[in-house]
Amino acid sequence: PPAAMERAVVRCVPSEPKLSLRFVLPDGSARHMQRDQAEPLGRALARIATNAAKGHGKAGKKSKKARAEGGAEGEAAVPAVRLFSRDGAAVAEEVPNAAAWQDGAVLHIGDAQYRVERNPPALTELRLPRSLLAGFPVCPKVSAEFAAPQHCLFHWFHEQRPAADGDAAEEAWVETAAAERVFTPSNALVGLRLKLRCTPGDGEQRYGPAREVESSGPVEAGPGACTFDARHLYTKKVCGHGSVRAVTYNILADTYAQTEFSRTVLYPYCAPYALEIDYRQNLLKKELAGYSADLICLQEVDKSVFVDSLTPALDAFGLEGLFRIKEKQHEGLATFYRRDKFSLLSQHDIAFSEALLSEPLHKELCDQLARYPLVQEKVLQRSSVLQVSVLQSTTDPSRKLCVANTHLYWHPKGGNIRLIQIAVAMSHIKHVACDLYPSIPVIFCGDFNSTPSSGTYSFISSGGIAEDHEDWISNGEEERCSMSLSHPFKLLSACGEPAYTNYVGGFHGCLDYIFIDKNALEVEQVIPLPSHEEITTHQALPSVSHPSDHIALICDLKWK
């Protein structure tokens, strides 16, 4: 047909009782109707007819005199309204709305014809990050209905530089060559704002109306070299299907980085702008994307950082994310896994204090702990959590993984508290990896706040701890709580015992680990940590070239 037919957009989803219908009448007035999905089509068509007549009536409101002369001319005739299916047959009036309004059907209102678009792709949210840095990936937040970000079309624009003669040309946008979901601005774009036009698509060659969003500010200069650039040379490609690249990283929650105490006492050596969340997020997204990882376990993840920043960014790089908040705090744990390598079978997250009190699994430990009320109270006050996800290989369904992620109590004298927490963690992981999924391999990542000489590290590595271990009196004799504990796993620190994974002004030490099941997994390669020189270029961490006070651990593992 020469003229494109007007659209009648129908939204009909099973979870909602009504369907909605939008169209524009020939006189230009828009109509939006809600009808019951079960109602017979005839009633909806009758309603459309009276609605359309009202429209004509309004348009035909001539002067009283003209109306009087023209008799009933002002009272518009109710137009004939019919619905025809794609093959041209009239849809029977008794067919319920939900079945009648199919994609490609044609609605006739008098002489006007409308092509029905049922559940067309639509964008519900399109946002750009607040801060844009040259050389760092810009990942839009895209939410869509009846569409998926990977099937949407992306067009990126930048502002035109103001002309040298000072003539203020009207705002002009220049399209860039980039047509990808993620755009990395070059140094040539510093000082210019960006615009994104996104057209939602469903992968079935259907596209919905495009939306545009402009950046709130211009592209700014990036920091140049970062501590992770050299590490990216080892992780350019995703590793093969027989291997798993795992990352663990405490990314420093905004909640803690932006306090007065942090700025003046903890990180006085760090430029204030480099502690700001928008700046650190730019670095972090580039760092994580460049590791081409299959599993990423993060600690100290602000809820908003997970939802608005990390999820959209890592989604664009093929990773699916899971989040577990710490009660009473605005931060928690995140586990991301590569979608084309793994699917999620189940989640088994717990809060240590809650599990200890309520789960029969921990009754024995709970009863022992009750003998030490001071310690018990401290343990129960902590909001620490354990995130446990069971994943299955997409290429070999017999290969399953139990991926655990945690962040233990931080206090230097809290060794006894950490021992209790890790005992709960190991019992819970045993329940998942021995009872629920017999003999599946374990990967246990996290910030354990424990150096290699600690009781916690020793317990995880050796499978047991004696009741006379010095960590039971880490906070003095009055807080002693002696127990002997054991767990059945053979675990190994995949990245060994680096000199440090945390490097701040007043402390450096190894606190983070990727523990793996020795029986089922072996280490293929450990990605080297940044050099001491790189870490100390700006005195300590975080810095303008490193977004956290911790360093990511990365290793490639393979099934034995």
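**Reading the terms of a predicted model**

Author: Leu252 lies in the loop between β15 (243-250) and α5 (254-257). These labels are DSSP runs numbered from the N terminus, where a helix is H or I over at least four residues and a strand is E over at least two. The model is predicted, so local features need pLDDT of at least 70 and side-chain atom pairs count only at pLDDT 80 or more, while totals for chains, interfaces and linings use all residues. Residues are numbered from 1 along each chain as its sequence is written, and side-chain values use heavy atoms, with hydrogens and water left out.

Reader: What makes Lys328 buried or exposed?

Author: The relative accessible area of Lys328 is 69%, so this residue is exposed. Lys328 is found in the loop between β17 and β18, and its phi, near 70 degrees, is likewise positive in a residue other than glycine.

Reader: How do you know which strands belong to the sheet with β17?

Author: Two strands pair if DSSP finds at least two bridges between them. Six strands form an open sheet with mixed pairing, in the order β17-β18-β16-β15-β31-β30. The strands β17 (319-325) and β30 (521-526) each have a single partner strand, so they stand at the edges and one side of each is left without a neighbour in the sheet. Direction ignored, neighbouring strands are turned by 25 degrees against each other on average; axes are lines fitted to C-alpha atoms, for helices over the stretch in contact, and angles run from 0 to 180 degrees between N-to-C directions.

Reader: What makes β17 and β18 a pair?

Author: DSSP requires at least two bridges, and β17 and β18 (residues 331-338) have seven, in the antiparallel sense. Within this pairing, Arg324 has Leu333 of β18 as its bridge partner. Helix α9 (residues 303-316) packs on the sheet and touches β16 (295-302), β17 and β18, its direction making about 150 degrees with that of β16. Contact here means heavy atoms within 4.5 Å.

Reader: Why is β23 said to be mostly covered?

Author: Six of the six residues of β23 (residues 442-447) are buried. Val442, Phe444 and Gly446 point one way from the strand, and Ile443, Cys445 and Asp447 point the other way. Strand β22 (residues 400-407) runs parallel to β23 and is joined to it by six bridges; Thr406 has Gly446 as its bridge partner in β23.

Reader: Which residues are in contact with Gln421, leaving aside its neighbours within four places in sequence?

Author: They are Phe352, Arg382, Ser384, Leu408 and Tyr409. Gln421 is placed in helix α13 (residues 415-436), and with a relative accessible area of 1% this residue is buried.

Reader: How do you know that a charge sits over the ring of Phe136?

Author: NZ of Lys or CZ of Arg must be within 6 Å of the ring centre and within 35 degrees of the ring normal. The charged end of Lys286 sits over the ring of Phe136, 4.5 Å from its centre. Lys195 lies over the face of Phe157, at 5.1 Å from the ring centre.

Reader: What is the omega of the peptide bond that joins Leu541 and Pro542?

Author: Omega is about -5 degrees, and this peptide bond is cis. Pro542 has its place in the loop between α15 (532-536) and β31 (553-559).

Definitions and conventions:
Buried means under 20% relative accessible area, exposed over 50%, partly exposed in between (1.4 Å probe, protein chains only).
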